[in-house]
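Open the model in a viewer and keep the selection panel at hand.

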Amino acid sequence: MATSVRTELTDVALIGAGIMSATLGAILRRLEPDASITVVERLEDAAGESSGPWNNAGTGHAGLCELFYTPQLPDGSIDVAKAIRVNEQFQVSRQFWAYAVQNGLLRRPRDFVHPIPHVSFVRGAAGVDYLRRRHQALAGNPMFGGMEFITEFGEFAARLPAMAAGRNPAIPVALDWAQHGTDVDFGALTGQLIDYGTRHGSAALFGHEVRSLHRASDGGWILDLRNRRTGETRRLKAAFVFLGAGGATLGLLQRSGIPEARGYGGFPISGVFLRSGADRLTAGHRAKVYGAPAAGAPSTTAPHLDARTVNGAASLLFGPFAGWSPRFLKHGRLTDLPRSVRAGNARSLVSAGFRERALVGYLLGQLRRTHGARVDALREFLPHAQDADWQEIRAGQRVQVIRAGRLEFDTTIVSAADGSLAGLLGASPGASTAVPAMLEVLQRCFPAKFPAWRTVLTEMVPSLGTRLADQPALFEQVWEWGSRQLQLT
């Protein structure tokens with residue numbers, strides 16, 4: 001005789017225990033203290049995929065140094081709109097983290113955030129000219145105030161001695177130096193936010209996988225779960241579901257059947273980094289330094305040499321080098337990509353493949369790279385780099401959004417018309433903009449409640465609804481408060 005599965009009720013189900021679900025869960029816990037919130041994670045710990053510290057570069061993306069956010073237009077001008085937009089989003093996250101420390105949601109800021117300069121780096125006369133014009137285009141914005149444009153080789157060597165050693169001083173170099181950048185361990189941050197939720201009544205089901213997701217007959221959603229350790233099944237009924245499952249979000253959106261998810265596809269790209277913990281190297285490089293993408297390469301593959309602090313230990317990380325796997329998660333299945341192809345997105349996927357022939361060629365070339373070839377690329381940043389000092393690590397799996405035959409590199413929020421379900425797709429700038437992304441989810445999915453929440457949300461994010469680029473006095477105020485709370489002064 002078959003045993004019926006008892007249906008457990010929850011107000012909110014958060015699928016995936018990464019930075020997005022952790023952030024949304026913490027915000028909702030403050031807004032709705034009595035709500036029942038359940039986090040469902042297929043792995044045994046939080047932040048096991050893209051939010052883990054070695055699955056991303058840890059850059060608190062604020063548009064300070066990423067040259068792919070400031071492209072040169074055909075007329076020679078520099079488009080800084082995306083850099084400003086990303087910085088505005090990061091400021092929202094930074095304010096929430098400061099509030100979270102001040103109010104006990106986060107206990108130890110130095111476990112997850114450290115001050116580190118963010119630096120743009122170019123070589124050659126054309127690169128120097130571009131970086132000078134970029135610096136000038138950003139100089140009037142208060143969020144980019146204090147950035148230094150450096151071309152004198154001696155000053156370059158004083159600030160980045162490991163990068164200057166062995167370099168020909170006759171070849172022009174330039175830096176755009178932002179002293180006020182950050183290194184963020186999003187894994188530690190995620191863990192603290194999840195811990196806050198569970199200490200205040202949220203449930204966390206680790207080792208549980210969503211096997212089915214469908215509408216309940218009387219409203220809400222039914223989620224059938226399987227315990228990956230024991231094989232046991234359980235059922236949740238949730239009034240609201242957020243899909244923050246990284247690469248798995250696309251498949252869950254498709255299974256939900258909401259019409260808003262039709263037409264979306266995904267293309268998985270993995271990353272490989274070189275990592276070193278050698279003391280003589282970490283002592284000579286304390287910055288995150290971004291260069292320009294190689295000709296024909298996707299913008300998000302811009303090489304960068306990052307100082308990292310993870311679990312109190314200093315390391316250097318260089319990359320990314322592209323890899324490929326049909327998995328949509330680092331711990332996913334080889335069938336993830338073929339199973340994502342549906343009648344509604346097949347044409348878009350084929351069209352994107354045709355459009356992105358250059359990207360496919362780039363990926364094939366990257367897959368053929370040896371360890372020695374990767375260290376050769378590193379020598380553009382560290383001329384004296386030695387093969388033996390560096391180990392290869394595989395970073396998190398990213399699934400780039402495909403829609404209308406085009407590959408998109410931003411993050412995208414997909415939500416049901418009635419606001420009962422939302423999911424986040426895409427990879428960049430990702431974790432650094434978790435707070436504004438989750439505020440958008442709340443505004444979309446809870447339009448009746450959002451006005452009443454605004455008072456508390458403004459305590460969390462004092463600049464809520466304001467462009468800091470237009471309010472330099474407010475920016476200075478929230479910046480100093482955030483720096484003090486996060487121990488970044």
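Which residues have the most contacts inside the largest nonpolar core? Select Leu24, Phe96, Trp97, Phe242, Val441 and Leu442: these have the most contacts within that core, which has 84 residues. Bear in mind that this is a predicted model.

Next, show helix α2, residues 81–102, which gives the most to this core, with eleven residues. Stay on Phe96 and display its surroundings. Neighbours within four places in sequence aside, Phe96 is in contact with Ala26, Ile27, Leu105, Leu193, Val435, Met460 and Val461. Another core, of 30 residues, lies apart from the largest one; Phe153, Leu175, Trp177 and Leu382 are among its members.

Now select helix α1 (residues 19–31) together with helix α6 (residues 186–199). Their axes come within 9 Å and cross at roughly 35 degrees, and the crossing is left-handed. On the α1 side, pick Ile19, Ala22, Thr23, Ala26, Arg29 and Arg30; they meet Phe186, Leu189, Thr190, Leu193, Ile194, Tyr196 and Gly197 of α6. By class, this contact has eight nonpolar, three polar and two charged residues.

For the cysteines, select Cys65 and Cys445. Cys65 is counted as buried because its relative accessibility is 0%, and Cys445 is likewise buried, at 7%. The disulfide count is zero.

Move to Glu232, in the loop between β10 (221–227) and β11 (233–243). Is this residue buried or exposed? Glu232 has 52% relative accessibility and therefore counts as exposed, the cut-off being over 50%. Apart from neighbours within four places in sequence, Glu232 is in contact with Leu225, Arg226 and Asn227.

The remaining stops concern backbone geometry. Most residues other than glycine have a negative phi, and most peptide bonds are trans.

- Select Gly319 and Pro320, which are joined by a cis peptide bond with omega about 0 degrees. Pro320 belongs to strand β15 (residues 313–323).
- Select Asn311, in the loop between β14 (304–310) and β15. Its phi is positive, near 55 degrees, though the residue is not glycine. Asn311 counts as exposed because its relative accessibility is 78%.
- Finish at Ala404, in the loop between β17 (398–403) and β18 (406–408). Ala404 also is a non-glycine residue with a positive phi, of about 55 degrees. With a relative accessible area of 65%, Ala404 is exposed.

Note on methods. Residues numbered from 1 in each chain as written. Predicted model: local features only at pLDDT ≥ 70, side-chain atom pairs only at ≥ 80, totals over all residues. Heavy atoms only, no water. Axes fitted to C-alpha atoms, helices over the stretch in contact; angles between N-to-C directions. Helix = DSSP H or I, 4+ residues; strand = E, 2+ residues; numbered from the N terminus. Left-handed = near helix turned anticlockwise from the far one by under 90°. Contact = heavy atoms within 4.5 Å. Nonpolar A, V, L, I, M, F, W, Y, C, P; charged D, E, K, R; others polar. Disulfide = S-S within 2.5 Å. Buried < 20%, exposed > 50% of the residue type's maximum accessible area, 1.4 Å probe, protein only. Core = buried A, V, L, I, M, F, W, Y, C linked by side-chain atoms within 4.5 Å.
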